[in-house]
Amino acid sequence: MSIDIANESGTGVDEHAIVDVARWSLDRMRIHPLAELSVVIVDEPAMEQLHIQWMDLPGPTDVMSFPMDELRPGKADEDPPQGLLGDVVLCPTVAQRQGAAAGHSMDDELHLLTVHGVLHLLGYDHAEPDEEREMFALQKELLESWREARRAAGDRG
């Protein structure tokens, strides 16, 4: 799995953990091991520009996803297709505020947002109540299993 990360935000983040949680999620979703993902970390003005340009919504947001080859989760009896997943764009200062409001750290919020962005790349959405239940349950399952694996390995998370 090729995961490139570029921190253009000026804010220090745990890039290794972001790549790790993305890889964990993609592995669990049976995405081809040669699939490619890009994670870009930006400041609020850059995120606001993307939010306006692509969603026609004002202000910065926490995460945006830009799918490329529309890869979908693999099935146990099939070989998954290879391709470009796309880009997940994160904004750590928005994540910092959201994390504080939720009672956890910016890094914890960025991990959640990374999984959320990856699921969007894989075709999940939360526009309808049924879609939201499915996506958020899967997001929670992936994040909790990743954290448990890190704890078992003696890493923080």
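A contact here means heavy atoms within 4.5 Å. This is a predicted model, where local features need pLDDT of at least 70, side-chain atom pairs count only at pLDDT 80 or more, and totals for chains, interfaces and linings use all residues. Residues are numbered from 1 along each chain as its sequence is written, and side-chain values use heavy atoms, with hydrogens and water left out.

**View 1. Leu85 and what it touches.** Leaving aside residues up to four places away in sequence, Leu85 touches residues including Leu26, Leu37, Phe66 and Leu121. Asp69 and Glu36 are also among its contacts.

**View 2. The largest nonpolar core, with 36 residues.** A nonpolar core is a set of buried Ala, Val, Leu, Ile, Met, Phe, Trp, Tyr and Cys residues joined through side-chain atoms within 4.5 Å; buried means under 20% relative accessible area, exposed over 50%, partly exposed in between (1.4 Å probe, protein chains only). Leu26, Leu37, Leu85 and Leu90 have the most contacts inside this core. Two or more residues each come from helix H1 (15-28), strand S2 (36-41), strand S4 (84-90), helix H4 (106-121) and helix H5 (129-152). Helices (H or I, at least four residues) and strands (E, at least two) are DSSP runs, numbered from the N terminus.

**View 3. A second, separate core of eight residues.** Look for Val42, Met47, Phe66 and Val94, which are among its members.

**View 4. Trp54, an exposed residue in helix H2.** Helix H2 covers residues 44-55. Trp54 has a relative accessible area of 52%, so it counts as exposed.
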